[in-house]
Amino acid sequence: MRNRLIFIFSLPFIFAGMSAVAADGATKGILYTKPLESVIFSHASHAQKEFSCATCHSGLFEMKAMEAQKNKDFIMDSLYKGKYCGACHDGKKAFAADTQCARCHLGFGAKLAAEEVPLFKKNVKLGKSAKGVAFSHDKHPQSCHSCHPSLFVPKEGADKVRMADHGRDRYCFTCHDGEKAFAWGDCSRCHTEPVSAPGGVINFGQGKKAVAFRHETHKPKGGCKECHPKLFSFTKGAAKIDFDDHLRQKSCFVCHTKKNATAFYDCNRCHTDKKPPKLGGPDTLTYKTTMQNVYFHHESHSEFACNLCHPAPFAMKKGKTKMVMAEMFKGKTCGLCHNGKMAFHVRQCARCHKQ
Amino acid sequence: MPKEQAPDRLLEKPENISELDRREFLKMGLWITGAFAGGSIFSAVSAAAKVFPHDTYAAKYPYKPHYCMVIRVDRCIGCQLCMDACVSVNDVPSYGWRTKILERQAPKAIGQKREFVPVLCNQCNDPPCVRACPVTATYKDRKNGIVMMDNKKCIGCKICMAACPYDARYYCEEKGAIDKCDFCFETRLSRGINNTACSEACPADVRVFGDLSDPKDRVYKLVHQLQKPVWVLKKETGAKPNIFYMKG
């Protein structure tokens, strides 16, 4: 009997609770107060399956709420001509804008009950399969218009973020540059599955002369960031390695350089088409002069490291450095060493100018 | 009085008039007075009824211009711009109102779920307020049919406020009299502006003000057609209002 009484007395509370949840007839949405009060636009009432955010937010309406009412042409005539709401509310796709006035117009001083929850996917999958990035809107509490539609089209799958975009001022990286938000260098922070370096051979140059690069043989401690994108952009074929780069400590040669030396020590380690280096260095160079030619033999200078002369004062390119006797006397080019102290003086012409 | 003197009594000058005679005379006098008074009261009622007898309608519009307003309620969006205009033009205090918007929610309706109905003084053709006023401070203007106020005569008894079926009157402290909508007669119509402030302010063309007796006027065309129903509020009071409501 007691149990029955308890049940009966608790019934009103149960029903009160149910009705409190069910009778949530308060209006949520965006409250427009200009030019007339008030129209409340509710995203929830526009949640049809055929709609995506981009249906309206790709020209009709800004992502930022209440921007529309800042326009001077936000009047009913514009709607009749197909602008703003009138793009659909023309009588065909939805009820015409000049009928059922009070269906949207709620009278003076209509109040919003609560903040509107706009319809969007909380978690968006960027990219397919394992390479993808799981984006969570919850972790990005900025307003819609800080990213949409300027950075991202508000439609899933519309934007493709490529490896080449990393590090450029596009998509996520306008903020994820290390200043406004964490830098993108740590792949695992965004990519759901660990990202591995691409396999296979990347050819620098074409044909036989090409240098074959393999990621497998390169695993620096700092990971991808050691080389990308400072030294090499993520785009295939974008890097062009100049002859002079071998000396300037650029691209590969940031690492592939002997201390205080050049990278020329073992050409055929990368250039597989080249013969193994001669002990003496490259071949003889012929300098044509008005008098007798000078034949420069690298072998006679082989005891020195390449970077003693290269790239200064001698450029790596044949014929690039101009040899002027007067300059040599002043200590330029050959005269740097051939000044009588380190090696024989330049005055001794016949030692170089020969048949 | 001795009976033998009775036949000659009338010809003689009596020394004193008896009580009974006096009473008879007074009763006769009262009867005659009452007949006159009652007759004049009756004639007063019939004089008013001569203009608009109850439950009958005049053969043609009695006023020139016969001001009226057509309110198209399907267009009203409750923006209250008409109320603002009325208040600013006619100096309506915050505690009173000359026109207001009634709002009705119908959550189970299909499509539009609310309705806005503007109301104001209906400028009735048989106004209960005019009949009720004890001092004739309110009267129906003979030329244009607007129910006007004579503020000097008003004693603030508020009988007209109770009599009005549309709750259109309020006591104005500043004027010391009852105030009500006069179709902006004092502020606009009498100064050559042929439109009321509320109908001019409405952005949705809800209120149409005009002369019902003129066949070329817009209100005439709106009222005298059978396609769209036209109705008045509280027809059963017999007040014969001049504010017409319609949809479409």
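What share of the contacts in chain B with a separation of 6 or more comes from residues 24 or more positions apart? The share is 58%. Keep that in mind during the tour, which goes through a predicted model.

Chain B has 248 residues, and 40% of them count as buried.

Next, select strands S8, S1, S10 and S9 of chain B. In that order they form an open sheet of four strands, and the pairing is mixed. At the edges are S8 (207-211) and S9 (230-231) of chain B, each of which pairs on one side only.

Zoom in on S1 of chain B, residues 67-72. S1 runs antiparallel to S8(B), and five bridges join the two. For one of these positions, pick B:Cys68, whose bridge partner in S8(B) is B:Gly210.

Now go to the largest nonpolar core, which has 31 residues. Select B:Met69, B:Ile71, B:Leu120, B:Phe183, B:Ile243 and B:Tyr245, the members that touch the most other members. S1, S3 (114-120) and S10 (243-246) of chain B each supply at least two residues of this core. S3(B) gives the most, with four residues.

Finish at B:Tyr245. Leaving aside neighbours within four places in sequence, B:Tyr245 is in contact with B:Ile71 and B:Val73, with B:Val117, B:Pro118 and B:Val119, and with B:Pro229, B:Val230, B:Trp231 and B:Leu233.

Note on methods. Residues are numbered from 1 along each chain as its sequence is written. Chains are lettered from A and ligands numbered from 1 in the order in which they are written. This is a predicted model: local features need pLDDT of at least 70, side-chain atom pairs count only at pLDDT 80 or more; totals for chains, interfaces and linings use all residues. Side-chain values use heavy atoms; hydrogens and water are left out. Buried means under 20% relative accessible area, exposed over 50%, partly exposed in between (1.4 Å probe, protein chains only). Contact means heavy atoms within 4.5 Å. Two strands pair if DSSP finds at least two bridges between them. A nonpolar core is a set of buried Ala, Val, Leu, Ile, Met, Phe, Trp, Tyr and Cys residues joined through side-chain atoms within 4.5 Å.
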